[in-house]
Amino acid sequence: MGESVDYLLLHCGVARCLWNEILNWTGVAWVMPVRVLDIFKCWTGIRGNLYIAAVWRMIPRCIMWCLWMERNKRCFEDAIRDGAEGFFRTQYGTISKMALLLALVILSIYLFRSPTPQQESSGLGRSTSAYITVAAFLLGALCSGIAGYVGMWVSVRANVRVSSAARRSAREALQIAVRAGGFSALVVVGMAVIGIAILYSTFYVWLRVDSPGSMKVIDLPLLLVGYGFGASFVALFAQLGGGIFTKAADVGADLVGKVEQGIPEDDPRNPAVIADLVGDNVGDCAARGADLFESIAAEIISAMILGGTMAKQCKIEDPSGFILFPLVVHSFDLVISSVGILSIRGTRNSGSKSPIEDPMAILQKGYNLTIVLSVLTFGLSTRWLLYTERAPSAWFNFALCGLVGIITAYVFVCITKYYTDYKHEPVRTLALASSTGHGTNIIAGVSLGLESTALPVLVISLSIISAFWLGQTSGLLDEAGNPTGGLFGTAVATMGMLSTAAYILTMDMFGPIADNAGGIVEMSQQPESVREITDVLDAVGNTTKATTKGFAIGSAALASFLLFSAYMDEVAAFAQEPFKQVDIAIPEVFVGGLLGSMLIFLFSAWACSAVGRTAQEVVNEVRRQFIERPGIMDYKEKPDYGRCVAIVASASLREMIKPGALAIVSPIVVGLSFRILGYYTGHPLLGAKVVAAMLMFATVSGILMALFLNTAGGAWDNAKKYIETGALGGKGSECHKAAVTGDTVGDPFKDTAGPSLHVLIKMLATITLVMAPIFL
């Protein structure tokens, strides 16, 4: 009889392997190890045929339970996907209408403004210039929308695959999340490069550039500024609307679910849990995709403008290399980031749990590889495109400028990781502050955020000065013998910083995918070991999201500096007189600076208050459902998830209008007002000078505010995650409740106001570029 039992167990093992292969092939990852049959045999004491019969009765039940869990996962995935796609369609429908209205305003302004001398000499009339700017604006808006949609589309389909992979191994779950985020990131960067390349090529052919009596190629990049403005416009409203959606749902779910009811995060009994997971996709994936798309587009266009201007001043015979250099750098970015993404490999060992490795260390290895490849490709690109006989060694100086940018990006990543990863002292100190109450947690988080602004500012300052000095000493001289490569050197450093943008964006999009996977695992009641894997990935995702935000604000600072220089060049071209300095000792100019700083604080306040008002509605709705449906806590009644989704969707669309309109209208109103004042006081450039001061002060204030908001919010979130690992009392303790309070305070900081400021400071620069004619 014993032999027959062993024979049966052997065949059960073969059947198990076959069954697992079938389930893996179909996307189901349930594992039914032979060990379960051994335990059943020992526990029951059944032998022989009775054991065989019991086993065969047990197998269908295991299969049914497996399929029931899979069905639950698919239901939650469908709910998340439908909610995200529904909100995306509604949100972008609203943004499209506003974009069309703004396009008509731009068309009207350009139809009645005077063209520049260069445009007049090339035969480019008012109407042609107007339609070109509007077309570029609409194309930039369209490409930004597509970039955001791709990020959201991939995320809502990858989350369930990551949750299934987490039941097999942590490394495989990491690989799927990274490659899903990598696909989105490559599409975003590719859209930015392709969009500008198509626009540039179309205008080059249509306007017969460099033909006798036509526009020169060095003036062509100025026609692309509308593209950057369109991308900024969509990114701002996408970030505002998505940020309000995700954080209002998150705050409402945490305050009632965790603090009041004491249920775990992403528990299916929480009526706001689906809205929270939907928000991760529309707020983190779609909005961040549009954000970095806009960063790359603004950097490429400003570098092309400065490259053309420098080539013109230095009388370089073939300036095309200096103009097209940014497009080539980001084309290489697609290749090297793909190598870094593919270097992260997973294992597929069904039925065995591999040890949980540190996902951040694995991601860091991929980033290190990408950095090395970036240095090599950047050096080759500078030698290929920036070599000129007028200064044979200039390309090497510019290669060093790119190296400065690459090092800046790496240092920014390290600084942000230090302040937001719970493996380091700042977050652990913040978690310890939670043990003495809610108030001390808030005080510690605010002080950490304020402190975290120091190192990034020092790094940005050093990189700008170093890159400018390397450019100035490159040997390129203008007709008067003055060095002219400083600004272009800063532009090259910005390109170096963004030369690994695709991999950085991959790490960012990895975060919400892992977060969604953890929610699906919790709601479908997977084993605790699976939830441990997704918790580790989620905590790392919080760090990578904070890292990307730090990277984004650093690149925004450099890009805004370039756009400010481009704005001054454009004003000089329209006014036909030099415009190289802004004197803040002039009272009106100083007032413009104050208004710029005030704009940052007012915008941040409106963004945070929008989250607060919407979260109050969610809290009231969740409390109502728990009171009116007491069976929810016992799994006897199903929560009304759709009601919470509807509340945050309608509120976020309503609340995003006011801060967005403030950002767009403010520089136009200030510029026009002081232009009229300058007309009556005999200062014709007063409007342009005041707007320049407003832009300068807003950029500086915005960088500091965004650094504070992003880092403080990320640190609060990971302090909570650290306590949830079992430290300081673990989940449900008073320390944990204080950390949850800090996390809810930090939510609008790090995912609504902070990321929106990245877009705001660049959009202020692009809108002043587009609207410059009306300030004169």
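**Helix packing**

I began with α6 and helix α16 (residues 501–523), whose axes come within 7 Å and cross at roughly 130 degrees. Helices here are DSSP runs (H or I, at least four residues), numbered from the N terminus. Axes are lines fitted to C-alpha atoms over the stretch in contact, and angles run from 0 to 180 degrees between N-to-C directions. α6 and α16 are therefore oblique to each other. I noted the scale: under 35 degrees is roughly parallel, over 145 roughly antiparallel, 65 to 115 roughly perpendicular, the rest oblique. The crossing of α6 with α16 is right-handed (near helix turned clockwise from the far one by less than a right angle; anticlockwise is left-handed).

This is a predicted model: local features need pLDDT of at least 70, side-chain atom pairs count only at 80 or more, and totals for chains, interfaces and linings use all residues. Residues are numbered from 1 along each chain as its sequence is written, and side-chain values use heavy atoms, without hydrogens and water.

Next I checked helix α5 (residues 126–165) against helix α6 (residues 170–206): the angle is about 165 degrees, with the axes 9 Å apart. That makes α5 roughly antiparallel to α6. Their crossing is right-handed.

**Salt bridges**

How many salt bridges does a search of the whole structure find? I got 18, each a side-chain nitrogen of Lys or Arg within 4 Å of a carboxyl oxygen of Asp or Glu. I looked up one of them, between Arg654 and Glu617, at 3.3 Å from N to O. Arg654 lies in helix α19 (residues 641–655) and Glu617 in helix α18 (residues 587–628), so the pair ties together parts 37 residues apart in sequence.

**One more helix**

Last, I placed Val335: this residue is in helix α9 (residues 320–342).

Terms used: Helices (H or I, at least four residues) and strands (E, at least two) are DSSP runs, numbered from the N terminus.
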